[in-house]
Amino acid sequence: MASVAFEHVTKQFGNVVAVKDLTLYIPDGEFLVLVGPSGCGKTTTLRLLAGLEEVTQGRIYIGDRDVTEVPPKDRNIAMVFQSYALYPHMNVYDNIAFGLRMRKVPKPEIERRVREAARMLEIEHLLDRKPRQLSGGQRQRVAVARAIVRDPAVFLFDEPLSNLDAKLRVQTRAELIKLHQRLGTTFVYVTHDQVEAMTMGTRIAVMKDGVLQQVDTPQNLYERPDNLFVAGFIGSPPMNFFEARLVPEGEGLWVDTGAFRVPVPPDRVPVYRPHVGRRVIFGLRPEHIYDPEFAPPLNHPAEVQARVDVRELMGSEVHLHLVADRQIFVARVDPRTHALVGNTIRVLFDMDRMHLFDAETERAIR
Ligand code: ATP
């Protein structure tokens, strides 16, 4: 078991800076998810840790050991790839045992470890099969079993669920969480899927354009995003954004979008007041906008009128696409709502859940 540290790590491919000055500490036993849109540098970060790419600058540590120049096989890590990379001509047993044989681990020890991993992943009945005789989900388990038998200090996963169908993905997600709890080993897991990140990670590192944006627990990322990018990336449907200005009135402060004006909760007024007159972005998540008929008690509600443009029934909720003047936004409301397409309705904003960003720097104001 071991912690992982990136210290000012940069990776360049020619002119492309894939990872820029990354400093990140991952404590021993953490399930860290690296998430971001395609091309943000998450796979490169994982490959740098695995030793499959050389850093351009900076140092990488596993535990107390500087592994920056250590070859992959001596880093004491195991990686599970998106493609699983199983040997097609070997059966499942031999696929799992392969790495141990290469290391000249004694035969009885190999047998013991393979059986134990197979039991843990419930693939004991598949040990004689070839990879082509397995389903996608079963292949994925074999790939994980092969990583487990090596008993590494750190497990690396590169989008391991992306080849599975939606249902199996949800199931396997839960199994990997359990596996992490059981093994207690450090997991570093790459995905572009924010839902996967939110449900699996003990902490999440959000990347964009090679730059680490924020690293925090799922709850803190959701409640206190540091910037506009993280705010829009975490959460589904995404946070609504409105270009706005802050307008003072007596002791109070209003958010004015041009389409509507809503009051800032009193406890936020001192924090936001220095931004009066500057361009700001007002953010509110769809789940914090209510149909008044089904709203819970709110301490600081604000009423806004809007026309219903689209109504999507999602089963347990309804997504209303709303238009107020030129502002378009989404509300996630109770499925019993009476709002129909074309209606002008009143909705309630839970202003205690509002976010505010500087329009120039895109950083959260708080
Ligand atoms: P995806 O989810 O699409 O895999 P990613 O976030 O994992 O994306 P990376 O694969 O790390 O992103 O790529 C980051 C940047 O580095 C991209 O601009 C990519 O084109 C570039 N890049 C990655 N590997 C190489 C390489 N071997 N040679 C040149 N450029 C590369």
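D21 lies in strand 2. Strands (E, at least two residues) and helices (H or I, at least four) are DSSP runs, numbered from the N terminus. The model is predicted: local features need pLDDT of at least 70 and side-chain atom pairs count only at pLDDT 80 or more, while totals for chains, interfaces and linings use all residues. Residue numbers start from 1 along each chain, as its sequence is written.

**Domains**

- The domain assignment gives domain 1 (4-233) and domain 2 (240-358); such bounds come from an automatic or database domain assignment.
- The centres of domain 1 and domain 2, taken over C-alpha atoms, are 39 Å apart.
- Four residues of domain 1 are in contact with four residues of domain 2, where contact means that the C-beta atoms, placed from the backbone, lie within 7 Å.

- Four strands form an open sheet in the order 2-1-4-5, with antiparallel pairing; two strands pair if DSSP finds at least two bridges between them.
- Strand 2 (16-26) and strand 5 (65-66) are at the edges with a single partner strand each, so one side of each has no neighbour in the sheet.
- Five bridges join strand 1 (residues 4-13) to strand 4 (residues 57-62) in the antiparallel sense.
- T10 has Q57 in strand 4 as its bridge partner.
- Helix 1 (residues 42-50) packs on this sheet and touches strand 1, strand 2 and strand 4. The direction of helix 1 makes about 65° with that of strand 2; axes are lines fitted to C-alpha atoms, for helices over the stretch in contact, and angles run from 0 to 180 degrees between N-to-C directions.

**The sheet 6-7-8-3-9-10**

- Six strands form an open sheet in the order 6-7-8-3-9-10, and the pairing is mixed.
- The edge strands are strand 6 (77-80) and strand 10 (211-216); each has a single partner strand, so one side of each lacks a neighbour in the sheet.
- On average, neighbouring strands of this sheet are turned by 15° against each other, direction ignored.
- Strand 9 (residues 203-208) pairs with strand 10 over five bridges in the antiparallel sense, and V206 has Q214 in strand 10 as its bridge partner.

**Residues around the ligand**

- The shell around the ligand consists of F13, V16, A18, G36, S38, G39, C40, G41, K42, T43, T44 and H192; a residue is near a molecule if its C-beta atom, placed from the backbone, lies within 6 Å of it.
- Strand 2 and helix 1 are the elements that give two or more residues to this shell.
- Helix 1 gives the largest share, three residues.
- By class, the shell has four nonpolar, seven polar and one charged residues.

- Five of the six residues of strand 14 (residues 279-284) are buried, so the strand is largely enclosed by the rest of the structure.
- A residue is buried if 20 or more other C-beta atoms lie within 10 Å of its own, exposed if 12 or fewer, and partly exposed in between, with C-beta atoms placed from the backbone.
- Strand 14 runs antiparallel to strand 11 (residues 240-249), joined by six bridges, and V280 in strand 14 stands opposite A244.
- Strand 14 also runs antiparallel to strand 20 (residues 355-358), joined by four bridges, and I281 stands opposite F357 in strand 20.

**Single residues**

- D21 is not a glycine but has a positive phi of about 45°, and D21 counts as partly exposed because it has 15 C-beta neighbours inside 10 Å.
- E159 is not a glycine either, and has a positive phi of about 45°. E159 lies in the loop between strand 7 (154-158) and helix 5 (166-183), and is partly exposed, with 19 other C-beta atoms within 10 Å.
- S236 and P237 are joined by a cis peptide bond with an omega of about -10°. P237 lies in the loop between helix 8 (228-233) and strand 11.
- Y290 lies in strand 15 (residues 289-290) and counts as buried because it has 21 C-beta neighbours inside 10 Å. Not counting residues up to four places away in sequence, Y290 touches A295, V333, V347, L348 and D350.
- Y290 and T337 are 47 residues apart in sequence and 9.7 Å apart in space, C-alpha to C-alpha.

Note on methods. Two residues are in contact if their C-beta atoms, placed from the backbone, lie within 7 Å. Ala, Val, Leu, Ile, Met, Phe, Trp, Tyr, Cys and Pro count as nonpolar, Asp, Glu, Lys and Arg as charged, and the others, Gly among them, as polar.
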